[in-house]
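Dear colleague,

Please find the structure below, together with a short account of what was found in it. I would be grateful if you could read the notes alongside the coordinates.

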Amino acid sequence: MSGAAPLSPAELRRRFLRHFPAAGTAIFLAALDQTIVATALPAIAAALGEVERLSWVMVGYLLATTLAAPVYGKLGDAFGRRRMMLVALGVTAAGSVACALAPSLTLLAAARLVQGFGGGGLIALAQALIGEAIPPRERIRFQAWFGGTYVLANALGPLVGGVLTQQFGWRAVFLVNLPVAAAAAVLTLRLRPPPETAAADAAREAAARRAFRADWAGLALFVACVVPTMLALERAQKLSAEALPFGLACAAVAAAAGVLLIRQERRAADPLLPLGLLAIPAIWRGDAIAACVGAALVGLITFVPVYLEVARGIGPAQIGLAMLPLAAGGSVGALAIGRLVAWSGRTMVFPAIGMGVAAALLAAVAFAVGSIPTGALPWVLGAVAFGLGTSFPVVQTTVQVAAGRERLGQAAASLQFARALGAAAGTALMGVVLFATLAAADPAAAALFARRVGGGAAALAAMTEAERAALGEALAGGFRAAFLAAALMAAAGAWLAARAPDRRL
């Protein structure tokens with residue numbers, strides 16, 4: 001759209017009113033799912049057991065979104081982003097129903113894979129739909145509106161999740177997705193391409209369809225790389241000789257698959273992972289920053305509810321309230337910085353500062369985890385999320401501009417891919433650090449922790465005074481290590497942003 005005449009304010013407003021409701025509702029659904037499920041995790045653990053695998057409820061979803069993001073990006077470029085958005089919404093709805101009906105944690109994780117394979121397309125396709133209709137400089141204003149959507153979804157998620165879990169049980173948090181998905185589908189059906197680019201877009205999609213080749217070998221190798229990696233991380237948290245052989249075998253399989261994946265993507269006619277696109281400095285730096293932010297933020301969203309329930313002893317509804325600053329802080333940061341970028345044209349300076357402050361706050365939380373008042377902790381974590389959120393609009397717009405209009409779908413998908421992969425790895429890594437620290441300090445305390453999460457408040461009441469003291473001491477060490485891991489992830493993102501050129505839009 002760089003060669004086209006500037007759009008008038010009235011035309012921009014009209015396009016906003018046409019495109020944002022559909023794209024915003026799809027992103028609302030994706031954002032709501034993470035926070036509403038995180039609030040229900042303690043109740044899921046109490047109902048289904050297997051507390052050491054609790055993170056798979058989140059990791060399974062994130063793994064599937066990681067796999068799905070590049071697939072939807074390529075299919076959207078070839079077959080139309082509106083059409084693929086409808087497919088993604090249908091798969092998300094089907095996965096939500098399967099989650100609500102799951103009788104065990106293993107089947108719930110499998111259903112989350114289905115749900116995630118639909119959700120993986122929502123954000124990437126929504127961003128691409130806006131990108132094809134709005135010029136880059138004005139696009140940042142739409143990123144700010146997306147930030148507002150995240151604020152609303154992330155604020156409602158903990159509250160609705162806590163109330164639904166307490167009043168109707170944890171299965172209700174999945175069923176609430178169905179009316180939102182239906183509304184997004186109706187709004188998507190109303191979308192039409194911009195008139196000045198409709199013919200060019202149709203010709204581009206037709207050419208992409210003729211050239212499209214499914215990279216099934218790449219997809220299989222990617223699964224063979226990611227899944228054994230997560231299994232190896234799960235085994236690592238046990239710190240036992242019995243778990244070592246299987247963990248090492250998984251790591252070896254993952255490494256071999258990773259090498260073969262790179263070779264396959266270099267020679268594939270239509271690769272799953274666009275290595276040429278990822279070689280562009282602005283894109284790989286933006287993707288790496290997104291991965292660090294996803295790792296820290298989603299890891300916190302996953303484990304803070306468990307910490308509040310187990311260490312601070314508060315119930316689901318109260319957890320929902322306490323999670324509000326953390327869940328909404330990133331979106332508020334994105335909204336504020338989006339406006340600053342649109343006004344100033346500057347980019348990477350904002351996330352470099354914001355993520356650096358977030359890393360420092362997380363380190364402070366780690367060392368004072370046992371002494372921070374329960375009422376103050378959510379607001380400190382909200383400030384952390386605000387700092388992490390300063391990266392959202394910057395990396396999204398930077399990556400899209402670097403990719404160009406003809407590869408908008410792949411660019412948006414690469415960012416979503418990196419964010420989801422980082423979130424999955426970060427969540428798994430925080431789980432490993434937490435459980436491994438507990439097991440290394442006192443295996444009996446680790447068993448008490450599993451009993452406490454699985455049995456709820458009744459399990460705490462049944463413990464002796466000595467067991468409670470041992471559990472409290474172990475929890476302080478375990479969550480200190482987990483918060484330090486999150487601080488390192490945020491610091492890595494701040495370093496990457498500080499090293500990137502601060503280009504003006």
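Angles under 35 degrees count as roughly parallel, over 145 as roughly antiparallel, 65 to 115 as roughly perpendicular and the rest as oblique. The model is predicted, so that local features need pLDDT of at least 70 and side-chain atom pairs count only at pLDDT 80 or more, while totals for chains, interfaces and linings use all residues. Residues are numbered from 1 along each chain as its sequence is written, and side-chain values use heavy atoms, with hydrogens and water left out.

Helix 12 and helix 15

Helices are DSSP runs (H or I, at least four residues), numbered from the N terminus. The axes of helix 12 (residues 281-310) and helix 15 (residues 377-389) cross at roughly 165° and come within 10 Å; axes are lines fitted to C-alpha atoms over the stretch in contact, with angles from 0 to 180 degrees between N-to-C directions. The two helices are therefore roughly antiparallel to each other. Their crossing is left-handed, that is, the near helix is turned anticlockwise from the far one by less than a right angle. Contact (heavy atoms within 4.5 Å) is made by V293, A296, L297, L300, V304, Y307 and L308 of helix 12 and by L377, L381, V384, A385 and L388 of helix 15. By class, this contact has 12 nonpolar, no polar and no charged residues; Ala, Val, Leu, Ile, Met, Phe, Trp, Tyr, Cys and Pro count as nonpolar, Asp, Glu, Lys and Arg as charged, and the others, Gly among them, as polar.

L326 belongs to helix 13 (residues 316-344). L326 is buried (under 20% relative accessible area), with a value of 1%. Not counting residues up to four places away in sequence, L326 touches L297, L300, I301, V304, P378, L381, G382 and A385.

Helix 12 and helix 16

The axes of helix 12 and helix 16 (residues 392-403) come within 9 Å and cross at roughly 150°. Helix 12 and helix 16 are therefore roughly antiparallel to each other, and their crossing is left-handed. The residues in contact include G286, D287 and V293 of helix 12 and F392 and T398 of helix 16. They divide into 10 nonpolar, two polar and one charged.

With kind regards

Note on methods:
Buried means under 20% relative accessible area, exposed over 50%, partly exposed in between (1.4 Å probe, protein chains only).
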